[in-house]
Structure formats: structure tokens, C-alpha cells
Amino acid sequence: MGRTRIRDIRHEELINATITAVHKRGYAVVTMAEIAAEAGASAASINYYFGSKEKLMEATMRRLLTLLKQAMLERYATAKTPHERLMAVIDANFSDRLFTNEQCSIWMQFWANAPYAESLQRLHRINRARVTAHFRAELRALVSDDRRETLREALQCYMDGVWLEAAQSDAPLNPAQARTEAREVADLMLKSES
């Protein structure tokens, strides 16, 4: 295992500062100087490492997408049945490391800004395609072909709604409760298919 480089440490600090600053002020109005201040750095350091606010947002979203992918892989490793794999997809989207007020806020702002920045559009398409593919794969064994897309869309919309509500809340989030409730919703939808 290699040593962690100063550049990588600084990169991570600036991404964490971006998440916090965007949550506090909003992506549209937060400045590079505010993000830098959050990290105890200078705006020049952001330019040095990322080049622009848009590239910093892209790097931040890549990090969050990596966290989501890691959560998926961890949960898939123990899932044996299609139902367990479906629950793994749901659980990953509400993992402790990902389902926080700050990260829900930045995801929502990312989705809102994605149509206006090509690099963010691309990440958004990749993320939606990945989540959609996971749901489709697991639902294939659980519901009839004519109901699969409706159920998939309903589950994805439910998750998006929970994230949107979380992004607008100041109350501490409870990822375990969110996972339990999402599982209950999924099971109710699956029962209606029986």
C-alpha cells in the first residue's frame, strides 16, 4: 500500500469543504473563497487543484458516486437472493456514510445544476443509469415484465423524494430508519404484485 500524498489529502479536504460550504450557502452563490475558507486554504489552492468551481463540483460528485458504489458492493457481497439484492440497492442509497444532511443537500443541488453543465450531465446520466440497471436486474426475478418499470420508477421516485426532504431538513438524519422505511415501502409494492 502506497503512502498518501499531500496532494491527495488536500484534494480530500477541499472536497469535504465543498460539501459543507454548498450545504450552508448553496451551489449557485457559494464562492471559491468561501469553500477555501471552510478548508482553511486559499481560493488559489482550489484553482491549483481543480481549475474551476464546476470542476470542483464534478470532483465532489465523483467522490459521492464512489461512496455509493462502495456501499453497493459491500451490500451485494452478502446478498444471495433477488430480494436481498434489491434491499442491498435500497440500503446502499441510505448508507450511513452517504445519507447525511450535507450530502443530501449537495446531491439535490447537483441534480438541479446538471442540466446546465456538460460534465455534471454526464455524471447524472451515469448515476441514473447505474441505479436503474440495478433495480431492473433485481426486479426481473421478483415481478412480472409488465409491472417491472412501474415498480422501478416508483422505488426510484420514493428514494429521490426522501433525499429531497432530507436536503431541506435541519433535523439530524437517521440512515437506519430511512433504510427500514424504504424496505417497508419496497415490500409493500412487491406484495401488491403478488
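Colleague: Which residue has its charged end over the ring of Tyr-27?

Modeller: Bearing in mind that this is a predicted model, the residue is Lys-53, whose charged end lies 4.7 Å from the centre of the Tyr-27 ring; the distance part of the criterion asks for a value within 6 Å.

Colleague: Why is Phe-94 called buried?

Modeller: Its relative accessible area is 0%, and buried means under 20%, so Phe-94 is counted as buried.

Colleague: What makes Phe-99 buried as well?

Modeller: Phe-99 has a relative accessibility of 5%, which also falls under the 20% limit, so the label holds.

Colleague: Why is the pair of Phe-99 and Trp-163 called edge-to-face?

Modeller: The ring centres are 5.7 Å apart, within the 6.5 Å limit for a pair, and the planes meet at 65°, which is over 60 degrees, so the pair is edge-to-face. This pair joins distant parts of the chain, with Phe-99 in the loop between helix H5 (82–93) and helix H6 (101–113) and Trp-163 in helix H8 (residues 145–167), 64 residues apart.

Colleague: Which aromatic cluster contains these rings?

Modeller: One cluster is formed by Phe-94, Phe-99, Trp-107, Phe-110, Trp-111 and Trp-163.

Colleague: Which residues have the most contacts inside the largest nonpolar core?

Modeller: They are Ile-90, Phe-94, Trp-107 and Phe-135, in a core of 59 residues, to which helix H4 (residues 53–76) gives the largest share, ten residues.

Methods. Residues numbered from 1 in each chain as written. Predicted model: local features only at pLDDT ≥ 70, side-chain atom pairs only at ≥ 80, totals over all residues. Heavy atoms only, no water. Buried < 20%, exposed > 50% of the residue type's maximum accessible area, 1.4 Å probe, protein only. Phe/Tyr/Trp six-rings, centres within 6.5 Å; stacked < 30°, edge-to-face > 60°. Helix = DSSP H or I, 4+ residues; strand = E, 2+ residues; numbered from the N terminus. Lys NZ or Arg CZ within 6 Å of the ring centre and 35° of its normal. Core = buried A, V, L, I, M, F, W, Y, C linked by side-chain atoms within 4.5 Å.
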